[in-house]
Amino acid sequence: MDYVAPTSRELDRIEVEPTAADSGSGCHAGAERLHAEATAAGKGELLEGFARDYPKGPHDQPQSMCPAFGSLRVGLRMRRTATILSGSACCVYGLTFTSHFYGAKRSVGYVPFSSETLVTGKLFEDIRDAVHEIADPALYDTIIVTNLCVPTASGVPLQLLPKEINGVRVVGIDVPGFGVPTHAEAKDVLAGAMLAFARAEAAAGPVALPRERSDRPTITLLGEMFPADPVVIGQLLAPLGLAAGPVVPTREWRELYGALDCAAVAAIHPFYTASVREFTAAGRSVVGSAPVGADGTAAWLDAIGNACGIAADKVAAAKNAILPAIRGALAAMPIKGRVTVSGYEGSELLVARLLIESGAHVPYVGTACPRTQWSDPDREWLEAHGVRINYRASLEQDLAAVEEYGPDLAIGTTPVVQHAKAKGMPALYFTNLISARPLMGPAGAGSLATVINAAIAGKDRMASMKSFFEGVGEGHTAGIHEELPVDRPDFKARYAARRIAAAKASEAIGS
């Protein structure tokens with residue numbers, strides 16, 4: 001059956017309904033039960049904090065990878081940092097993919113549990129013993145211990161771990177799939193916890209100096225970005241007498257002190273709510289958006305100037321020096337075509353701004369991240385250019401946008417790309433092909449054009465491939481058959497019910 005595109009009004013009201021196959025198993029499906037158990041086990045205040053910092057959408061939460069993927073990645077990228085996970089073996093096994101995928105070349109610690117150790121509290125003792133065992137100051141500055149879904153639901157109290165062992169810091173966090181909506185926000189959970197720890201250390205007395213320290217006031221950059229972007233931002237700030245500070249999440253502990261010791265914070269990724277809270281507590285102002293395109297760069301430099309008390313004529317001179325180069329780069333690499341944008345990294349609005357200034361028509365932007373005050377400058381600019389923005393977008397909403405707008409190119413997550421290509425539309429995976437390029441300043445202007453234009457130019461090739469594979473079937477009819485397979489929804493329903501019952505029985509004994 002062909003996909004029937006919703007109307008524009010229907011698009012904004014689409015919600016995700018749980019299916020029989022989803023209910024009763026996994027961190028997403030058992031969210032209500034796990035949430036209730038965690039609250040009863042003493043984690044209610046933690047979950048209330050998550051709900052304030054990371055409000056969910058009308059469909060509960062986006063369909064995304066395990067959120068611990070994000071916080072684990074942050075820890076694995078830090079020097080002299082050990083990581084320990086506490087959770088179900090299957091979850092830990094899957095999350096070790098992160099260390100292999102990002103080439104961390106280090107082990108991920110794991111504290112296993114059984115029904116007995118979980119119920120009796122022995123699991124916490126095992127975690128404490130593991131932390132003491134690896135707390136070697138010759139190897140580590142910090143140990144990060146993370147509770148996954150089951151230990152969080154069972155109330156394993158990581159806050160009772162010692163804050164320091166042999167000079168090695170111990171940071172315990174909970175990153176349950178039923179409390180933290182996306183892996184992007186889980187980065188903030190860990191970054192915020194580390195900033196709070198570092199802020200307390202700085203308040204208590206002298207701390208280690210960062211390896212690199214500017215002699216000018218710095219702007220801390222909040223959110224992971226392409227490695228060239230901080231360099232470009234530093235060049236934009238230099239005429240103002242400012243320098244680019246550390247990027248949070250940082251690569252080592254002492255950079256946290258440098259991040260806190262700044263003139264202002266640039267929320268390049270606007271969803272780092274816990275981190276912003278720590279910067280605000282340290283007396284630092286926070287500026288939203290980023291220097292993308294000509295309009296974005298001009299507005300961002302104005303905002304930085306206001307936050308740091310830079311004279312207006314100095315800011316104007318800085319803009320006059322850089323904006324012609326950005327406009328020239330945009331004009332030299334135009335993008336012609338309709339493009340829909342969706343993703344879960346948090347930079348989707350910035351990418352859409354750059355595409356529009358490059359000449360593309362962008363009718364829709366979907367992001368798995370929430371709306372915050374620090375994304376308002378981008379939201380307002382995009383809406384003024386006729387863009388529909390969908391925060392906490394579901395997969396169904398992103399797919400509906402592709403159907404409604406029939407773009408020349410769909411940028412999105414893996415299933416969005418898969419859906420578009422199955423219909424013969426060019427598509428690009430946001431994380432690997434769009435995020436892996438500079439976005440800021442003159443370097444960002446035109447950086448997307450080559451890959452975008454090449455993809456759009458491949459539309460005829462996509463149509464040829466669709467024509468070539470026409471008739472091989474989809475779903476239960478996929479493949480070439482002498483007799484077409486018969487769908488058996490009744491059998492599927494019975495099998496799903498048995499599987500759900502078995503999963504509930506397994507969860508009841510704590511496995």
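With 511 residues, a compact globule would have a radius of gyration near 24 Å, and this protein agrees because its own value is 24 Å (taken over C-alpha atoms, with the globule rule being 2.2 Å times the number of residues to the power 0.38). This is a predicted model, where local features need pLDDT of at least 70, side-chain atom pairs count only at pLDDT 80 or more, and totals for chains, interfaces and linings use all residues. Residues are numbered from 1 along each chain as its sequence is written, and side-chain values use heavy atoms, leaving out hydrogens and water.

Start with the whole protein. Its C-alpha trace spans about 75 × 60 × 40 Å along the principal axes. Colour by secondary structure to see 23 helices and 14 strands (DSSP runs numbered from the N terminus: H or I of at least four residues for helices, E of at least two for strands). Of the 511 residues, 53% count as buried, meaning under 20% relative accessible area with a 1.4 Å probe, protein chains only.

Next, select residues 183–204, helix H9, and residues 273–281, helix H12. Their axes lie 7 Å apart at an angle of about 20° (lines fitted to C-alpha atoms over the stretch in contact, with angles from 0 to 180 degrees between N-to-C directions). That makes H9 roughly parallel to H12, a label for angles under 35 degrees.

Now show side chains. Among the H9 residues that meet H12 are Asp188, Leu195 and Arg199, and the H12 partners include Glu278 and Phe279; contact means heavy atoms within 4.5 Å.

Methods:
Parallel < 35°, antiparallel > 145°, perpendicular 65-115°, else oblique. Buried < 20%, exposed > 50% of the residue type's maximum accessible area, 1.4 Å probe, protein only.
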